[in-house]
Amino acid sequence: MKRWRVAPLAAAVALVLSGCGGTGGGDGARSGGGKGELLVWVDNTRMPAAQQYKKAHPDVKMRIVTIPPDAGYVPTKVSLANRTKRGWPDVVFLANPAETATLASEKFGYAAPLDDLVPKTVRDGFSPGSLDTCTFGGKTYCLRNDIAPTVLWYDAKLMARYGYQVPKTWAEYRQTGLKAAAEHPGTIVGAVNGKYGAGIYFGSSGCPTRDTLSLTEVHIDLGRPECTRVADLLQPLARKKAVTTVVPIDPGFAKFGKGDKILMLPAPAWFGDFMFAPAFKVPSGRIAAAPMPTWPGESKPYAGQVGGGAFLVSSHAGGRTKQAADLVRWMTTDVNLQAKQPTYPAFTAAAQKWGEAKSKDPYYASDPMPALTAAANALRPGFGAVRFEADWQSSFNDTVVKAVDSGNNLRSSLGSWQDKLEAAAKTSGYTLG
């Protein structure tokens, strides 16, 4: 099987600069510079698929533009189009699905509801809960291309060498982490930083840090047991350095992999291909996946979310709206197309096909698909797309991560995080519900 690798930033920029066309388009007949073209914005990874659709539909006038996956890029360009009253893409891919909350807001008015454009039978084919980040006030504003459910990645070789068992509960996870820290100093069982802490631990626990009730109302309550139990879990692990605040995508994190210090790592599905071998330098035949541990009082393990992408249709597409919706539907649900993409498909039938090759990948110590499939079907509800995504991450670092680094009480830091989240939500135009 072909292994996917993460391209360096410079290479990604070069690919963008060498991409097709430039920005343009507009409302009604003005789309595509007044030529009535279906204007499509996608990242470099989605470009071949969009070109394939264009080739298969010669009757549809299309112009495909490559855009960078940078956070804020699409909202910035759409804001410019709103000011000039032209330049809206009819279809856009978001590398950050949380931006749907911005583009669907009354202020932007860009994203078109898809409920009448994509049949419910099709929407029901997506993994349970995967369209929650697309849904506001009962309306669906995007279709997910891929999702990033979290699993418990672990080094099977180290587990066997140390005589440890893969934990099934968070209590067992904590016990194993503390034991590893004592018996094998420097060993880590998790990473707590930004979205890799907030989305994985607090997200899987169901802590309401960003529970969207509508496009204008959000629920935040870090005093709930679903939040305090995470702080209690991490407190002793942080004290013994069994969890690190080094960001997994930071080059410095590779020291853990090279030194055989990653015993376990709760992380999204895409870490299997994109991080352990190319970034962490963990050799073949060692990494395996297990379901996320189960929280106290619950009978099933829930997954958090860190990543994934989404497609939106413009409310300015006019007579091309149905064509735009058909393209989005095909891009996200065509089984043969999705089976070849690098990350976990949001559409269930495509994920099953995608998993056939993953199950045979010799890099893994055992078939990761049972754990990945279980996680995709157990996304924790309440993790919504919000307009304060950047502040959600930075405020976590300014409070909880700071408490980890300084050795302070993590429960106490939740109050400060709550204050920062509420302030960010209000600044972003939300009322608190």
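## Contacts of aspartate 155

Aspartate 155 touches Ile262, Leu263, Val282, Arg286 and Ile287, leaving out residues up to four places away in sequence; contact here means heavy atoms within 4.5 Å. The model is a predicted one, in which local features need pLDDT of at least 70 and side-chain atom pairs count only at pLDDT 80 or more, while totals for chains, interfaces and linings use all residues. Residues are numbered from 1 along each chain as its sequence is written, and side-chain values use heavy atoms, with hydrogens and water left out.

Aspartate 155 belongs to strand 7, which covers residues 150–155. Helices (H or I, at least four residues) and strands (E, at least two) are DSSP runs, numbered from the N terminus. With a relative accessible area of 3%, aspartate 155 is buried. Buried means under 20% relative accessible area, exposed means over 50%, and partly exposed lies in between, with a 1.4 Å probe and protein chains only. The side chain of aspartate 155 also reaches the backbone nitrogen of lysine 157, at 3.0 Å. A polar contact is a pair of N or O atoms within 3.5 Å; within protein, one must be able to donate a hydrogen and the other to accept it, and residues adjacent in sequence count only if both atoms are side-chain atoms.

## The chain as a whole

The chain has 18 helices and 15 strands. Its radius of gyration is 22 Å, close to the 22 Å that the globule rule gives for 433 residues, so the chain is as compact as a globular protein of that length. The radius is taken over C-alpha atoms, and the globule rule is 2.2 Å times the number of residues to the power 0.38. Along its principal axes, the C-alpha trace spans about 70 × 50 × 40 Å.

Of the 433 residues in the chain, 56% are buried. Among contacts with a separation of 6 or more, 76% are between residues 24 or more positions apart.

## Surface and charge

The accessible surface of the chain comes to about 17500 Å², and 53% of this belongs to carbon and sulfur atoms. Accessible areas come from the Shrake-Rupley method with a 1.4 Å probe; for residues, only the protein chains shown count as cover.

The chain carries 50 positive and 36 negative side chains, and the centres of the two sets lie 5 Å apart. Lys and Arg count as positive and Asp and Glu as negative, whereas His and the chain ends are not counted. The place of a charge is taken as NZ of Lys, CZ of Arg, CG of Asp or CD of Glu.

## Two lysines with positive phi

Lysine 241 has a phi near 60°, a positive value in a residue other than glycine. Lysine 241 sits in the loop between helix 10 (225–239) and strand 11 (243–244), and counts as exposed at 57% relative accessibility.

Lysine 281 also has a phi near 60°, again a positive value in a residue other than glycine. The loop that holds lysine 281 runs between helix 12 (271–274) and strand 13 (287–290). At 45% relative accessibility, lysine 281 counts as partly exposed.

Threonine 212 is part of strand 9 (residues 211–212) and is buried, at 16% relative accessibility. Neighbours within four places in sequence aside, threonine 212 is in contact with Phe136, Glu217, Val218, Gly384, Ala385 and Val386.

Serine 127 lies in the loop between helix 6 (120–123) and strand 4 (135–136). Serine 127 touches Ile147, Ala346, Thr348 and Ala376, not counting residues up to four places away in sequence. From serine 127 to valine 78 the separation is 49 residues in sequence and 29 Å in space, C-alpha to C-alpha.

Helix 17 covers residues 389–406 and includes alanine 390, which is exposed at 59% relative accessibility. Alanine 390 and glycine 190 are 200 residues apart in sequence and 22 Å apart in space, C-alpha to C-alpha. Serine 406 is also in helix 17, and is partly exposed, with a relative accessible area of 44%. Serine 406 lies 256 residues from threonine 150 in sequence and 27 Å from it in space, C-alpha to C-alpha.

Glycine 163 is in the loop between helix 7 (156–162) and helix 8 (170–183). At 54% relative accessibility, glycine 163 counts as exposed. Between glycine 163 and alanine 424 there are 46 Å in space, C-alpha to C-alpha, and the two are 261 residues apart in sequence.
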